[in-house]
Amino acid sequence: MIYSEDTGCPDHLRVAIVGAGPAGLGVARVLRDLQIPDVWVLERGQIGQTFHDWPAETRLLTPSFPGNVFGVTDLNAISFDSSPGWSLRSEHPTGKAYAQYLELAAEMFGVHVQCNIDVRSLSPIDNGFTLDTSRGTLTADFVIWACGHFGAPTDADLPGAELGRHYGGINSWDDIDEDEVYVIGGYESGIDAAIGLAQKGKNVFVLDRGAPWLDGDKDPSRSLSPYTQQRLETFRNCLTITLIPDADVIALEQEDDGVHILAGDGRSWLSDGPPVLATGFVGGTQLVSEWFDYGDEGVPLLTSQDESTAMPGLFLVGPEVSHQGHLFCFIYKFRQRFAVVARAIAARMGVDTEVLEMYYENNMFLDDLTCCDDDKCLC
């Protein structure tokens, strides 16, 4: 069911899902269970392209463990009946390994995936949408946007950012030659870069305007994950990683002997080579931002069915979903919304949704958002 050529995908789709990562494939599986016809996943590259693009040494933060036979779904699984932990025999798989799991899952689920098709824009028409793609114009009754963050790195408007190299563009830490490396940003990607570089024998300095490694927020969507904290504590004892808090980097300037890193309080550091920018990623909805309203922290505003408040028929799944201030940016979080979206589309088509009961039974259907009112909730 995986198509790499420009043939295969019809010109009109009942449901077009943009992005063949865990979000796109996961919601496609639910729509398949509902037997909704002409559902296609459109992918700019290959299945799991985002994970292929990760630095080679980067691993998933959440652990994969096959507890399915006890009714506990693997945290990194996109369905209740699969497990990357079991399939890959790895607890924290690399990006390329996880992409392999996604490809196996797509084949097992029997979903239609059109690879190597780039969706450039979409616009509403009567009773649906037009999608401008690299293989021409397609139409769809519904669109589910399932693009993640990694494909849209941001330099946070840092003056002189072109003198650095963004985390999202690094293939491997082996590619960095300098013995001393500065990393700007101390959240997940920054600490991952520091550990990866230190393991290669580099002397690493991490600059951050705060001190994320000390943040006590219990939500790993807003603070360093336990896996990252554990790795940091382990490697700081034997590797050369220096964490510099309260360093608000305001500009990079080219000097004859390197890149000058300037902080707002007057401090500065001289980097022999381009510093690593761990300055984050903008939302995956950036390409279609005109069809979404945005609220606090730039998150898309959604209905209770994860439909755009600005454009009926356009749904969002994946790490950019947020409700009541709670981010659903890990796989084990956002997969709970697949059935919500699928049920909304099925209801408009008059399709029976009784099959979704198995998603309730396997704790993969978070339909009642009132649980997020409780600040102790870890949904």
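This note goes through selected side-chain contacts, salt bridges and strand pairings of the model.

1. The model is predicted, and for that reason local features are taken only at pLDDT of at least 70 and side-chain atom pairs only at pLDDT 80 or more, while totals for chains, interfaces and linings use all residues. Residues are numbered from 1 along each chain as its sequence is written, and side-chain values use heavy atoms, with hydrogens and water left out.

2. Asp306 lies in the loop between strand 15 (276-277) and strand 16 (314-316), where helices (H or I, at least four residues) and strands (E, at least two) are DSSP runs numbered from the N terminus. Asp306 has a relative accessible area of 0% and is therefore buried; buried means under 20% relative accessible area, exposed over 50%, and partly exposed in between, with a 1.4 Å probe and protein chains only. Its neighbours within four places in sequence left aside, Asp306 is in contact with Leu314, Phe315, Leu316, Val321, His323, Arg337 and Val341, contact being heavy atoms within 4.5 Å.

3. Arg337 and Asp306 meet through their side chains in a salt bridge of 3.0 Å, N to O, a salt bridge being a side-chain nitrogen of Lys or Arg within 4 Å of a carboxyl oxygen of Asp or Glu. This pair links distant parts of the chain, 31 residues apart, with Arg337 in the loop between helix 7 (331-334) and helix 8 (338-349), and both residues are buried.

4. By the same rule the count comes to 14 salt bridges. Among them, Glu178 pairs with Arg165, with the closest N and O atoms 2.6 Å apart. Glu178 lies in the loop between strand 8 (165-166) and strand 9 (180-184) and Arg165 in strand 8, so the pair ties together parts that are 13 residues apart in sequence; both residues are buried. Arg267 and Asp265 also form a salt bridge, at 2.9 Å from N to O, and here Arg267 is partly exposed, at 31% relative accessibility. Arg29, Arg32, Asp33 and Asp81 are linked in a network of salt bridges.

5. Strand 5 (residues 119-125) and strand 6 (residues 128-133) run antiparallel and are joined by six bridges, two strands counting as paired if DSSP finds at least two bridges between them. Ser123 has Thr130 in strand 6 as its bridge partner. The hairpin of these strands has two residues between them, and Asn127 takes a positive phi near 60°.

6. An open sheet of three strands has the order 12-13-14, with antiparallel pairing, and its edge strands, strand 12 (249-255) and strand 14 (268-271), each pair on one side only. Six bridges join strand 12 to strand 13 (residues 258-263), and Glu253 has His260 in strand 13 as its bridge partner.

7. Asp53, in the loop between helix 2 (49-52) and helix 3 (84-88), is partly exposed, with a relative accessible area of 29%. The side chain of Asp53 makes a polar contact with that of Gln49 at 3.0 Å.

Notes:
A polar contact is a pair of N or O atoms within 3.5 Å; within protein, one must be able to donate a hydrogen and the other to accept it, and residues adjacent in sequence count only if both atoms are side-chain atoms.
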